[in-house]
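This briefing covers one protein chain, topic by topic. Please keep the sequence and the 3D view open while reading.

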Amino acid sequence: MLALAPGYRLHRDQVTEACWPDVDLNTARRNLRVSLHTARHTLEPELAPRGVSSYLATDGDLLSLVPGAVEVDVVAAERAAVAALDSGCQDTLAAAWTTLSQELLPEDRYAAWADTRRRELASLRRRLALALADLPGSAHRAQQAVWVLEREVAADELDEALHRRLMSAHLAAGDHSRAAEVYGRLRELLREQLGTAPEPETQELYGRALHRAAPRDGSRTRPEPSAPPAPLAPPAALRRAEVIPLRGRASTLAAVLAGLPATAGHVDGDGGRRAPLTVVSGESGVGKTRLVTEAARVAAADGIAVLWGAAHEAEGPLPYGAIADALSGWFADRPPAERAAAATAHPELGALLPVFGTEPAPGRTAEEQRARLYRAVGGLLASLAEHCPVLVVLDDLHAADLGTLRLLHHLVRTIGERPVRFLATLREEDLEEGDERRTVLTAATRQGLVHRVELMRLARADCDLLAADVARTALADSPQQDGAGRATTPSPRMLASVYRLSRGNPLFAAELVRVARESADDGTYEHPHREDRVPESVREVVALRVARFAPHVRKTLGVLAAAGGEAALAEAAEVALSGVHPAIDGPAFTAALDALVAAGVIDECRIVHLGRRVEGLTFRHPVVGLAVYERLTSAARRQLHLAHAEVLRRHRPEAVEALAHHLDRADAPEATVWLRRAAERAAHLYADDSAARYYADLVARLDAAPDDGAEAARARLAWAGVLIRQARHAEAEQVLRVALHAVRRLGDQDTAVRAAALLAEVLGRAGRPYEGIDLLDGPAAAQVAGTGPLAVAAYHLSLAQLWFLVGRYEDALVSVGQAVGSACSAADGQGLGLLGRALHVRSACLLLIGRQSEARAAAEEALPIAEQALGDLSLQALLLSVARTGRASWAVRQGGGVCPKDPRPCRTHRRPHRGRLLTVQPRPGAPVAGPTR
């Protein structure tokens, strides 16, 4: 801070406010005195008590660097840049620009006290770049100017003058197409972020880039037209013809259509400023899916590409399930060449879309992999939108997992003005207060990213029209109808009863009319409902309808209900043959399906399995399937789930989540194997909430098994790792304490030591490092001697981290040495990850106690190990920082606050935290000192 300040001087209050903004004034001043004392004696170890420092001076409330004692590299670079601008020499300008292009204080990238100097350096660097671009000369000079200007533009994407200079440099180098590309990017940025168009001077340059150098005959070259994309096919959800008109939804349908992406035939009524996500909400059975289906049909007819995905309540919240469903369904209908091109352009989607056949690169952190997945999905939608507008429909968003909601939030936040819109249905009552999914939706709404459409129940007149439509349809579909003497319109008394019982809910009203039609003695609608036959909820309506089917039809319904949201036709037929008694053979199963389709209970559909579309079945209303499932006996449910699991094992063993679901519902012993696989797969996809849910189910099942205590403990360790990634430290602590108690009781010393080390790490992360130290100093210390090298390394690494947190760096170094030795002795390189982390702790400790050369050596030794074993970019950045600091002649490091007193002997009670490093060079002949904390 002093080196960047004018005259190298600052007032004490400025320093305390910048370094300790969150503590009271007395504490901040005490911290400053401690830091100044440490800095003086670290710079000059021979300095006598209360002696005058050769580098740091105080004058009342002013702090300063002693004039003439140091030379700051930033000041020297600024002087060199000014001299280069005066000289106009290309080599001098290039060297000065290269120097200033290095980031100032990368470890304090967001420190407000350095903002002014950063802006000054950026302005000076920009002047150097423009001076280089203005130099006359050959094409080689133009290429150098392009290289410099591209980096300036990347640093300030909205600087139109820089874009013009870059376009001019491309034109001078003869690269007209690149100049046009620069203009295209600028135009998009200005429209998305400022709502403006490029200036006339920029447009003139763009015209020169487009026209290129005209031939002597005056003709102009034109780009070849690109090949048209493959024709669009509507998703399976839109291919079924609706026989009942949509009643009472004209205004809400118009509101939904207003959120569609603009096309030549459909323009947003508000000029395209509608929120990118439209959410249609309402109670169960109110007609959300039907309304969205009609809107999607209009979009498809208007030339919009419609991607349809859904979350299925019966299957549980699968990782990114609805969005993966939409993308899989889209590519199942696209040509193989288009799928291959998308897989090549977005390899990160391989884990989400198995049809791509690619896998993301290993070795990345969870945060980096998740960010790459988010960007890949957004990039894929953006590339689709280059050919035509895109509408992504997500049905039953309330059944989706948290990862789906977070990915959706990222997409609607970053999609900008591209012609991509999202349409979702939601039952808000299914998202309880405190549910993180509700929090994500609320945040998106507050940011103006969501347009809400609340779907209400039908008015009496519209409900009557719907009842009449259902009555006519039921009469026309009746196998006994002969057309003679039949009333096709319900009586007023009947309509009043339907409205009173359904209260305008379309699903309830339709089911009530169908029940009345099937129960009427003479086949007419003149008989009112009997109060003891009329249900109070849709489940009772479904029970009445199901009771009238033949036994083999009811059993078929049970097969489909146990399958979940959708079932492949071939798989359902196999389950009907092996999972019920008496078995339902092919002809009987076909007849049962015909009866259910004719009754409007189920629909035939096309579903995606293994990247291709197959014939499938689904309940017309999901709540009907749930009602049927609830009426099954426990024994029947178990048998059906076992049958479904067996069919899946034969045909789709990679459907890990579905197998885990069925075997868990069946209470099968092998459910633990598949729950573990589902948890590991979700963790691999960084869908941590789903992984935590699977691990919770797995642990509950293992706890119930008499002989699986060790397995339960190992599962808890994996579960805790997922919880730690989510920063759910309190839950991780609880899980680890149970695991630690179990493995100690079982006598598994290796696992006990690993559990204790992980628990101690959690305690440190939670701000309770001394509890972690006490834990490791207790029974765990006695168990270490009889364990393997990995457990020993984990124990000592955890202890080293805790010593580091409380400022006992010498003790931390002792523990690091033991951790390094044990990690190196592990077979087959299994200890590389622990070794890299241990060397990082060693380098940090050495740096903080002033042993710079050793800190540098440890950091440089750890870097290749971190790259090979961990792939942790943040750790690599820290190691690079330590290595650079070790090369510097001296460094100033701001210390932390005061650490609570520990009754044990301790060399320091200052709590270290991530500080600020500033590299400066002493003048020749000045004394050299080490780093200061």
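Strand 1 and strand 3 (residues 62-65) run antiparallel and are joined by 3 bridges. The model is a predicted one.

- Helix 1 (residues 12-19) packs on the sheet and touches strand 1, strand 2 and strand 3. The direction of helix 1 makes about 80° with that of strand 1.
- Helix 2 (residues 25-43) lies across strand 2 and strand 3. Relative to strand 2, helix 2 runs at about 140°.
- The sheet is open, has 3 strands in the order 1-3-2, and its pairing is antiparallel. Its edge strands are strand 1 (9-11) and strand 2 (56-59), each of which pairs on one side only.
- From one strand to the next, the twist averages 25°.
- As a general point, strands of a sheet pair through backbone hydrogen bonds, in either a parallel or an antiparallel way.

**Whole chain**

- The protein chain contains 39 helices and 14 strands.
- It has 933 residues, of which 50% count as buried.
- Taking contacts between residues at least 6 apart in sequence, 68% join residues at least 24 apart.
- The accessible surface of the chain comes to about 43,100 Å². Carbon and sulfur atoms account for 53% of that surface.

**Helix 28**

- Helix 28 spans residues 671-684, which makes 14 residues. From first C-alpha to last, helix 28 reaches 20 Å, close to the 20 Å expected at 1.5 Å a residue.
- The buried residues of helix 28 are Ala 671, Thr 672, Trp 674, Leu 675, Ala 678, Ala 679, Ala 682 and Ala 683.
- Cover for these buried residues includes helix 26 (634-651) and helix 27 (656-665). Helix 29 (688-704) and helix 30 (709-725) also belong to that cover.
- Tyr 686 follows helix 28 and has a positive phi, near 60°.

**Thr 751**

- Thr 751 is found in helix 32, which covers residues 749-765.
- Is Thr 751 buried or exposed? Its relative accessible area is 6%, so Thr 751 is buried, the cut-off for buried being under 20%.
- Which residues is Thr 751 in contact with, leaving aside its neighbours within four places in sequence? The contacts of Thr 751 are then with Leu 717 and Val 743.

Key. Residues numbered from 1 in each chain as written. Predicted model: local features only at pLDDT ≥ 70, side-chain atom pairs only at ≥ 80, totals over all residues. Heavy atoms only, no water. Helix = DSSP H or I, 4+ residues; strand = E, 2+ residues; numbered from the N terminus. Buried < 20%, exposed > 50% of the residue type's maximum accessible area, 1.4 Å probe, protein only. Contact = heavy atoms within 4.5 Å. Areas by Shrake-Rupley, 256 points an atom, 1.4 Å probe, with all protein chains shown as cover. Expected span 1.5 Å × (residues − 1). Pairing = 2+ DSSP bridges. Axes fitted to C-alpha atoms, helices over the stretch in contact; angles between N-to-C directions.
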